[in-house]
Amino acid sequence: AFELNNDEGEPWIGYLKVAEGCFIELFYGGKPTEKNRGDHICFEVDDIHETAADLQSRGIVLATDITQGKALNYQFWVKDPDGNWLEFMEMHPDSLHMKS
């Protein structure tokens, strides 16, 4: 569907569109880092701030602050009890995901 480059302008993530609103991310380089986190599941939410507040009210610690990514979407991350990364994302209407 589209690709994103890293801050140095090099290929970073390739996106395959599986169905409407469903993508598979393929990371270049093959090595998970703090910035690409490798294997993870992403949940699309309607309101990123409301979702973050709801999780925090339940005692879940956010692993990251809410940020706006290179594709314009808003996101934050948590770790589940087994240490797996979970991403929560609110789609921006002008994002590459929405335009694909």
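User: Why is Asp 54 called partly exposed?
Analyst: Its relative accessible area is 34%. Buried means under 20%, exposed means over 50%, and partly exposed lies in between (1.4 Å probe, protein chains only). The value of 34% falls in that middle range, so Asp 54 counts as partly exposed. This is a predicted model, where local features need pLDDT of at least 70 and side-chain atom pairs pLDDT 80 or more, while totals for chains, interfaces and linings use all residues. Residues are numbered from 1 along each chain as its sequence is written, and side-chain values use heavy atoms, without hydrogens and water.

User: What makes the contact of Arg 58 with Asp 54 a salt bridge?
Analyst: The closest N and O atoms of Arg 58 and Asp 54 are 3.1 Å apart. A salt bridge needs a side-chain nitrogen of Lys or Arg within 4 Å of a carboxyl oxygen of Asp or Glu. The distance of 3.1 Å meets that limit, so the pair qualifies. Arg 58 is exposed, because its relative accessible area is 61%.

User: How many salt bridges does a search of the whole structure find?
Analyst: Three. One of them joins Asp 7 and Lys 70, with closest N and O atoms 2.4 Å apart. Asp 7 sits in the loop between E1 and E2, and Lys 70 in the loop between strand E5 (67-68) and E6. This pair links distant parts of the chain, 63 residues apart. The strands named here are DSSP runs (E, at least two residues; helices are H or I, at least four), numbered from the N terminus.

User: Are Asp 7 and Lys 70 exposed or partly exposed, and how do you know?
Analyst: Asp 7 has 54% relative accessibility, so it counts as exposed. Lys 70 has 39%, so it counts as partly exposed.

User: What makes the contact of Glu 20 with Lys 17 a salt bridge?
Analyst: The closest N and O atoms of Glu 20 and Lys 17 lie 3.4 Å apart. That is within the limit, so the contact counts as a salt bridge. Glu 20 is exposed at 70% relative accessibility. Lys 17 is partly exposed at 30%.

User: How many aromatic pairs does the whole structure hold?
Analyst: A search finds six. Among them is the pair of Phe 2 and Tyr 15, at 4.3 Å centre to centre with 20 degrees between the planes.

User: Are Phe 2 and Tyr 15 buried or exposed, and how do you know?
Analyst: Phe 2 has 12% relative accessibility, so it counts as buried. Tyr 15 has 6%, so it counts as buried too.

User: Which residues do ring pairs link into a cluster?
Analyst: Phe 2, Tyr 15 and Phe 23.

User: Which residues make the nonpolar surface patch?
Analyst: Leu 16, Val 18, Ile 24 and Leu 26 make a patch of about 350 Å². Strand E2 (11-19) and strand E3 (22-27) each give two or more residues to this patch. Patch residues have over 30% relative accessible area (Shrake-Rupley method, 1.4 Å probe) and no salt bridge; nonpolar side chains are joined within 5 Å, like charges within 9 Å. Leu 26 is partly exposed at 44%, so it passes the 30% limit.

User: Which residues form the negative surface patch?
Analyst: Glu 44, Asp 46, Asp 47 and Glu 50. Asp and Glu count as negative. Glu 44 belongs to strand E4 (residues 41-44).

User: Which residue has a positive phi although it is not a glycine?
Analyst: Leu 72, with a phi of about 85 degrees. Leu 72 is in the loop between E5 and E6. Its relative accessible area is 33%, so Leu 72 is partly exposed.

Technical notes
The place of a charge is taken as NZ of Lys, CZ of Arg, CG of Asp or CD of Glu. Rings of Phe, Tyr and Trp (its six-membered ring) pair if their centres lie within 6.5 Å; planes under 30 degrees apart count as stacked, over 60 as edge-to-face and the rest as tilted.
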